[in-house]
Amino acid sequence: MLHKPLVTQTLARYIAAARWEDVPPPVRHQAKRSLINLFAVALAGCRTEPIEIAFRSLGEFSGGKTATLIGRPERIDALSAAFLNAASANVHDFCDTHLRTVIHPTAPVAPALLALAELRTIRGRDLLLAFILGNEIQARIGLAISPQHYNKGWHITSTCGVFGAAAASGKLLGLDERQLVSALGTASTQSSGLCECLGMPAKSVSVGNAARNGLWSALLAEKGFEGPAEPLTGRQGFYNALGDAPNVSLITDRLGESFEIMATSYKPYPCGFVIHPVLDCVLDWRRDHPAAEVTRVMVRGNPLLAHRTDRPEISTGRESQVSVQHAVAAALVHGAAGLDQFTDACVGDTRVRALRGKVEVLRDEAFSTIAAAVEITTADGVVHRLSQSAARGSDVNPMSDRDLEAKLRASAAAWNPKADVTPLIDAVWALDDSDDVSRLASLAVP
């Protein structure tokens, strides 16, 4: 098996030495965009039934109330807050995406840092730097085994996210190179998550654990808790244990020169990102043909679209988030693809249910994951041919800063119409000027 010594040490050395001054302004700004989006999706998910259940369960064992829960008045211990805020951000499948790996990068990393910022005095620029580094580490570890790792059924957001949370938390704690290797080593033995759980509340458990366990790994390393010297490429390390042959060069090449956070895509729709180019086509067509009767829909896209979302038979809102048949049907019936279109009620809508059976999905390797083509046949026999080369929200067709702010405002207003998140938005954009970010998460409590 492929073995390259010192890969983890190289990453640890990079993390320890990285400085705010080394980060280009566009990368700093992208980190803030990711945080705006995090608060939007966490506010959208923070009071859903899975999060309510998880909160009640963790609350039975929590001995402290040191950290903020986004969107909720309750407080809890820092490790549980990291878990719950990460799970809240992920539960609606509304979080950001690193397209080359399909990692949802912010959910595992930022909640760990927000919790840590309530335990220690942290400057805004230090939090941003740590977040950027955590994002980079998890993406590079994932790139080395993409796409085979995800295609095997590993939920890569969780399996690689725990490394990102450990790296970011370790940077904030000021760990040295040796301690960072231990933090990454302890994270490696807690790396888990299965795509079999997609469409179920259980999916968000591994994402929550990635944040919690990554933070815990760094806190353990700070106290002298040791891990293996080479947890990534060791003989029985992360890659070899998974049976993957990694492209190790992708882990370290141009490390510190390029930043994977710049490839982040932000979702305008709360469902799997491979569905987004399809929804772009369908919603644009529906606006021009609101009364047309649809008799057949053929969707053509990257094989991942069919592999993950060819699910015509669903029964819950959670499942609908990874069903392209439902997304198409709901968009055609309601002319929208928001949170209301991915609920149990919408799944049970007789009109939506009938239309789901008319949607066919075809695999075509010529399409990227952000592109798709759709053919809609109407009752008059006309075939309407549509295409999208780059989904809205993707890194090449991005949401604007104002779009992300609107997403955050809409999420807050859904729980509390009188909520004013302007102070939160202003605080995120000015984060690099803050000397103490301990109150940042509390600004997201309407």
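Helices here are DSSP runs of H or I with at least four residues, strands are runs of E with at least two, and both are numbered from the N terminus. The model is predicted, so local features need a pLDDT of at least 70 and side-chain atom pairs count only at pLDDT 80 or more, while totals for chains, interfaces and linings use all residues. Residues are numbered from 1 along each chain as its sequence is written, and side-chain values use heavy atoms, with hydrogens and water left out.

Helix 2 covers residues 25–45 and helix 19 covers residues 401–415; their axes come within 8 Å and cross at roughly 20°. Such axes are lines fitted to C-alpha atoms, for helices over the stretch in contact, and the angles run from 0 to 180 degrees between N-to-C directions. The crossing makes helix 2 roughly parallel to helix 19; angles under 35 degrees count as roughly parallel, over 145 as roughly antiparallel, 65 to 115 as roughly perpendicular and the rest as oblique. The crossing of helix 2 past helix 19 is left-handed, a term used if the near helix is turned anticlockwise from the far one by less than a right angle, with right-handed used if it is turned clockwise. On the helix 2 side, the residues that meet helix 19 include Arg 33, Ile 36, Phe 39 and Leu 43. On the helix 19 side, they include Leu 404, Lys 407, Leu 408 and Trp 415. Contact means heavy atoms within 4.5 Å.

Helix 2 also packs against helix 4, at an angle of about 90° and with the axes 7 Å apart. That makes helix 2 roughly perpendicular to helix 4. Here Leu 38, Val 41, Ala 42 and Gly 45 of helix 2 meet Asn 85, Ser 88 and Ala 89 of helix 4.

Two charged side chains sit over aromatic rings. Lys 407 lies over the face of Phe 94, at 4.1 Å from the ring centre, and Arg 47 lies over the face of Trp 415, at 5.9 Å from the ring centre. The criterion is that NZ of Lys or CZ of Arg is within 6 Å of the ring centre and within 35 degrees of the ring normal.

Val 162, Phe 163, Ala 166, Ala 167, Gly 170 and Lys 171 of helix 8 make the contact with Leu 180, Ala 183, Leu 184, Ala 187 and Ser 188 of helix 9.

How many aromatic pairs does a search of the whole structure find? There are two. Rings of Phe, Tyr and Trp (its six-membered ring) pair if their centres lie within 6.5 Å; planes under 30 degrees apart count as stacked, over 60 as edge-to-face and the rest as tilted. Phe 163 and Phe 238 form an edge-to-face pair, 5.1 Å centre to centre with 75° between the planes. Phe 163 lies in helix 8 (residues 156–172) and Phe 238 in helix 11 (residues 238–242), so the pair ties together parts that are 75 residues apart in sequence. Ring pairs link Phe 163, Phe 238 and Tyr 239 into a cluster. Both Phe 163 and Phe 238 are buried, meaning under 20% relative accessible area, with exposed being over 50% and partly exposed in between (1.4 Å probe, protein chains only).

Leu 220 lies in helix 10 (residues 203–222) and is buried, with a relative accessible area of 17%. Leaving aside neighbours within four places in sequence, Leu 220 is in contact with Thr 186 and Phe 225. Leu 220 and Gly 170 are 50 residues apart in sequence and 9.9 Å apart in space, C-alpha to C-alpha.

His 155 is placed in the loop between helix 7 (148–152) and helix 8, and counts as buried at 4% relative accessibility. Beyond four places in sequence, the residues that His 155 touches include Gly 193, Cys 195, Leu 198 and Lys 203.

The last topic is the backbone. Most residues other than glycine have a negative phi, and most peptide bonds are trans. The peptide bond from Ser 146 to Pro 147 is cis, with omega near 5°; Pro 147 lies in the loop between helix 6 (124–143) and helix 7. Asp 93 is not a glycine but has a positive phi of about 55°. Asp 93 is found in the loop between helix 4 (78–90) and strand 3 (97–98), and is buried at a relative accessible area of 6%. Arg 254, also not a glycine, has a positive phi of about 60° and lies in the loop between helix 12 (249–252) and strand 4 (264–265).
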